[in-house]
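The walk starts at one residue and ends with the spaces inside the fold.

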Amino acid sequence: MNSEKNRNKYHSNVLKIALFATGVSGIVAEYILSTLASYFIGNAILQFTLIVSIMLFSMGLGARLSKSFEKHIVGYFILTELLLSVFVSFSAIVSYLVFGFTNNSWIVIYLMSIIVGILIGLEIPLATRINDNFESLKTNISSILEKDYYGSLIGGLFFAFVGLPYLGLTYTPFVLGVLNFGVSLWLFLVLRTHITAAWKRSLSIAYVIVGVGIFIGFAFAKPILIFGEQQKYKDKIVFEKQTKYQRIIITKWKDYHSLYINGNQQLSTFDEYLYHEPMVHPVMGISPHKKNILILGGGDGCIVRELLQYDEIEHITLVDLDPEMVRLARQNKIFLDLNNNSLNSPKVKVFAEDAFTYLESDTTIYDVIFIDLPDPNSVDLNKLYTREFYFLCSKHLTQDGSLITQSGSPYYATKAFYCIKKTLEDANYYTLPLHNQVLTLGEWGWIIGRKRPFGQKELQAVNLENLALRWLNKEALKQISSFGQPLIDTSGIEVNTIISPVLYNYYRQGNWDLF
């Protein structure tokens, strides 16, 4: 009697461990698919919302579907675990391959979300019915759900602090797939007496096939992902890395390199000076004081390179969210050649932190603030272009201080560009817009903001002598500050705030397909 009781307890514990593993892999699968959707489709918050909602709905479908299984419950549960290990393992590889050859990768990602959700939804009801043979109803349901929820916590922590930053999207899915595979195999061996001979044979063959498939997939994961991703870039990928915050790609064409973050081009060594010289020197020229400088973003080091030409500068503080981007700028030969080893200057201090958070805790007052952040193509980036953010910047500027922010394209995203200008003005800045044709990026724009009135007179008086410039000159100062009428009606444009993130929608409504 005691031996049977102990055996039932052992079987029940193994089943709960399987549910714990399901909780781990299930939540990580959600995060993997959400991250893939954010990278391939864009708009992180929307994609995370959709993926999680779709998977929860699909779990409901799986739970409903479980009612149709009358016999071979143990066999179906183990098969579900086995299938889950397959779909989790190959989620990234399949997504990257589809992404490389079609623009419809979203279909595959959402479809996998549905399939994984159904499999997870099947597991809990089936496990509860199996565990009914080993535990009373009083503890059965609560203990099954408990282990699944505990697994979700561990899975979330694993993805945030180990999976994404260290294993990346290349190997994290396989680690979770192997976990599911191993636990399901253990469960198969423990509960084999509850499975018919035909199911044993079929599952044994399936384990061999899946095990070999996962091993081969793990061995060739990286080249397969690079192959799929390479199809989207016209130039050869020479560096790729998934960091905790973003995916960094560097491509090479002839002797030139291009930097991409989450699939969006940030700069090319071919013509980056057409971007950085207009961003740096006009605002520095109109600023009477230049001792203390703050850069928000700009982790490539190019703005710092330009600033180090000013002997008056004593301190440069650079705040970039991703420490891996700064590490590249400080150590990678491509960037060291590009930025003249600028980030290793003793004048430069670097902080790996969110720009908004940094300003909230910082007490320093600066003479000039440079805002060189990614485009506001998501709600989370939108906050760095809000009235609240510009008010926060103002608190850190001297009374004669200046601010300049990259503002996207005045032609490809006209409403977004003028929304940034209007938002700055609503935060009590006097503004002056600039623009330039960057060959590899298209027509790009910036907006200077100051606490005191200024305009063309101050800009045209900027002294560019004694500066090592490749393009910018006095004639160019007139060109970059000259605008025709906006291409569309901008009279009804609203101010961008955290509560009302209109800029994000203006940006997405831009005519980027024309570029």
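Start with Val14, which contacts Trp186, Leu187 and Val190 when its neighbours within four places in sequence are left aside. Contact here means heavy atoms within 4.5 Å. Val14 sits in helix H1, residues 2-41. Helices (H or I, at least four residues) and strands (E, at least two) are DSSP runs, numbered from the N terminus. Val14 counts as buried because its relative accessibility is 1%. The classes are these: buried is under 20% relative accessible area, exposed is over 50%, and partly exposed lies in between, with a 1.4 Å probe and protein chains only.

A word on the source. This is a predicted model, in which local features need pLDDT of at least 70 and side-chain atom pairs count only at pLDDT 80 or more, while totals for chains, interfaces and linings use all residues. Residues are numbered from 1 along each chain as its sequence is written, and side-chain values use heavy atoms, with hydrogens and water left out.

Now step back to the whole chain. It holds 18 helices and 11 strands. The C-alpha trace spans about 95 × 45 × 45 Å along its principal axes. Of the 515 residues, 54% count as buried. Take the contacts in the chain with a separation of 6 or more: residues 24 or more positions apart account for 73% of them. The chain exposes about 22,900 Å², and carbon and sulfur atoms supply 59% of that area. Accessible areas come from the Shrake-Rupley method with a 1.4 Å probe; for residues, only the protein chains shown count as cover.

Next, go to Ile334. This residue lies in helix H11, residues 333-339. Is Ile334 buried or partly exposed? Ile334 counts as partly exposed, because its relative accessibility is 21%. Not counting residues up to four places away in sequence, Ile334 touches Ile250 and His257. Ser105 is 229 residues from Ile334 along the chain, and their C-alpha atoms are separated by 32 Å.

Lys421 belongs to helix H15. At 19% relative accessibility, Lys421 counts as buried. With neighbours within four places in sequence left aside, Lys421 is in contact with Thr431, Pro433 and Ile447.

On a 1 Å grid over the protein atoms alone, a cavity is a set of points where a 1.4 Å probe fits but cannot get out; a pocket is an open set with protein on both sides within 12 Å along at least five of seven lines, and lining residues have an atom within 4 Å of a point. Grid points are joined across faces, edges and corners, and a volume is the space filled by probe spheres set on the points. The count comes to two cavities of 30 Å³ or more.

The largest cavity has a volume of about 40 Å³. Its lining consists of Asp375, Pro376, Ser407, Gly408, Ser409, Ala413, Ala416, Phe417, Ile420 and Tyr507. Helix H15, residues 414-426, gives the most to this lining, with three residues. The lining divides into six nonpolar, three polar and one charged. Ala, Val, Leu, Ile, Met, Phe, Trp, Tyr, Cys and Pro count as nonpolar, Asp, Glu, Lys and Arg as charged, and the others, Gly among them, as polar.

The second largest cavity has a volume of about 30 Å³. Residues that line it include Pro410, Tyr411, Thr414 and Tyr418. This lining has six nonpolar, three polar and no charged residues.

Turn to the second largest pocket, at about 210 Å³. Helix H6 (137-190) and strand S1 (236-242) each supply at least two of its lining residues. H6 gives the largest share, seven residues. Among the lining residues are Tyr166, Lys222, Glu240 and Arg247.

Finish with the cysteines. How many disulfides are there? The count is zero, where a disulfide is a pair of cysteine sulfur atoms within 2.5 Å. Cys393 shows why: the closest cysteine sulfur, in Cys419, is 16 Å from its own, too far for a bond. Cys393 counts as buried, at 0% relative accessibility. Cys302 is also buried, at 0%.
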